[in-house]
Amino acid sequence: WQLDSCIGYALEHNLDIRRQAIEISDRKAQLARSTLGMLPSFNAHAVRDYNWGRSVDMQELTITREGLATATALSIEGSWTLFGGLSAQNGRLAARETVREALSEERHIKRALVIDITRSYLNLMLARQMLSYAQASRSTIDRQCERTRSLVEAGSQPKSALSEMEAQVASERARVVEAACNVRSATLNLMQLMNYPPGDADLVVAESFDDREAPSARDSLDDLQIESMAGRDPRIEAARSRVSQMKHQLDAEKGNALPRLAVTASYGTFTSSTSDEQPRKQLESNRNPSVSLSLTVPIFNFGETAIRIRRSRLALQKAVIAREQAQIQVSDEIRAAVIEADNCAQKYISAVETLKAAGSALEVTEAKYNLGASTALDYIVSRNNHFKAMSDLLQAKWQYMFQLKMLDYYMQ
């Protein structure tokens, strides 16, 4: 598994992304309902009536007495709101913005997951390199311990030197165990982020990053570039969609305070058992088409419309503040990422120089120790300094690479 394959697997199996996909489908369904709600509505009705006792002769318009009278009525009607204060139109626009907001949130979830996977993957690379170096260091100290034993037997070194070297061997073995535990923990963390089934085969991660030259500090981004990068952030896009949604929602509530004009058309007919005419002839003679216009003027509804308008206006104000907060937060994150990348580059350069110096010091101390001109304690201190320098270098390298990845994600 390399980084790209780990990211692809995580994006495919992440439950938060699946849940957000369902949320997007739900909001698209709401948008479709808002769109279809602007079209005319049509309904068909069929009524079969049974009446015992007195009934009305619909032909003669007289009251008759029968044991049972039946009547059948058929009708079709349609209605369409010609003007409703543009509430339906603004409701549709608000629903469209909710879809855009959900899509932006999905992008943010995916990018956050990619960042987490990248961080975990690089931590695993660091742990593996630390394990490799710890194992190499243990092998070296084992050989040096055997050499010390020979020097002690030859009388070139005191017995205390052997004791100190054996203690260092135990310390090096503890480092190997700790490094191996860190590898297992980092692998488990990566598997959990990927939602990789624990019952499957172990996750074998390949080294997909080569060692880099000592980097130079990156040029700082100006405010215009940072604002441009922040404007493409999915959190900012979601906040903008939220503001647009609240604006359309406010316009829709304002439209509810305006008069409404609707047209209704119907066509119906009926038959009755009290009539002497044939049912087919009754259907033709009893046809009743109609067209009506209705105008509704809101006057007083206990202040509900005014309260909804006020609440929508407050919701819009909160959305604007949330957008500004998101803009500031994302801009600060980008600035911090740029500064951190520069700091990591400087730390990497410094760690390279420190490792070179520690390596040279270790070579001199080891040569002097082998000649009996240095003590075991001096050698152990020099080796520990070299191990710390290597550890600092590896941490600086992988941290620098992670910060570069962070900036790449912000620039996308």
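**View 1. Helices α3 and α9 pack at an angle of about 165°, with their axes 10 Å apart.** Here α3 covers residues 87-154 and α9 covers residues 376-411; helices are DSSP runs of H or I with at least four residues, strands are runs of E with at least two, and both are numbered from the N terminus. Axes are lines fitted to C-alpha atoms, for helices over the stretch in contact, and angles run from 0 to 180 degrees between N-to-C directions. That makes α3 roughly antiparallel to α9 (angles over 145 degrees count as roughly antiparallel, under 35 as roughly parallel, 65 to 115 as roughly perpendicular and the rest as oblique). The crossing of α3 past α9 is right-handed, meaning that the near helix is turned clockwise from the far one by less than a right angle. By class, their contact holds 19 nonpolar, eight polar and five charged residues; Ala, Val, Leu, Ile, Met, Phe, Trp, Tyr, Cys and Pro count as nonpolar, Asp, Glu, Lys and Arg as charged, and the others, Gly among them, as polar.

A word on the model: it is predicted, with local features needing pLDDT of at least 70 and side-chain atom pairs pLDDT 80 or more, while totals for chains, interfaces and linings use all residues. Residues are numbered from 1 along each chain as its sequence is written, and side-chain values use heavy atoms, leaving out hydrogens and water.

**View 2. Helix α1 (residues 3-13) meets α3 at roughly 140°.** The two axes come within 10 Å, and α1 and α3 are therefore oblique to each other. From α1, Leu 3, Cys 6, Ile 7, Ala 10 and Leu 11 reach Lys 110, Leu 113, Val 114, Ile 117, Thr 118 and Tyr 121 of α3, where contact means heavy atoms within 4.5 Å. Sorted by class, this contact has nine nonpolar, one polar and one charged residues. The crossing is right-handed.

**View 3. Helices α6 (residues 234-255) and α8 (residues 304-370) cross at roughly 170°.** Their axes come within 9 Å, and the angle makes α6 roughly antiparallel to α8. Their contact has 12 nonpolar, five polar and 10 charged residues. α6 passes α8 in a left-handed crossing.

**View 4. The largest pocket is lined by 16 residues.** Look for Gly 37, Met 38, Trp 80, Thr 81 and Ala 88, which lie nearest its centre. Elements giving two or more residues to the lining are β2 (62-83) and α3, and β2 gives the most, with five. The lining divides into eight nonpolar, seven polar and one charged residues. A pocket is an open set of points on a 1 Å grid over the protein atoms alone, where a 1.4 Å probe fits, with protein on both sides within 12 Å along at least five of seven lines; lining residues have an atom within 4 Å of a point.
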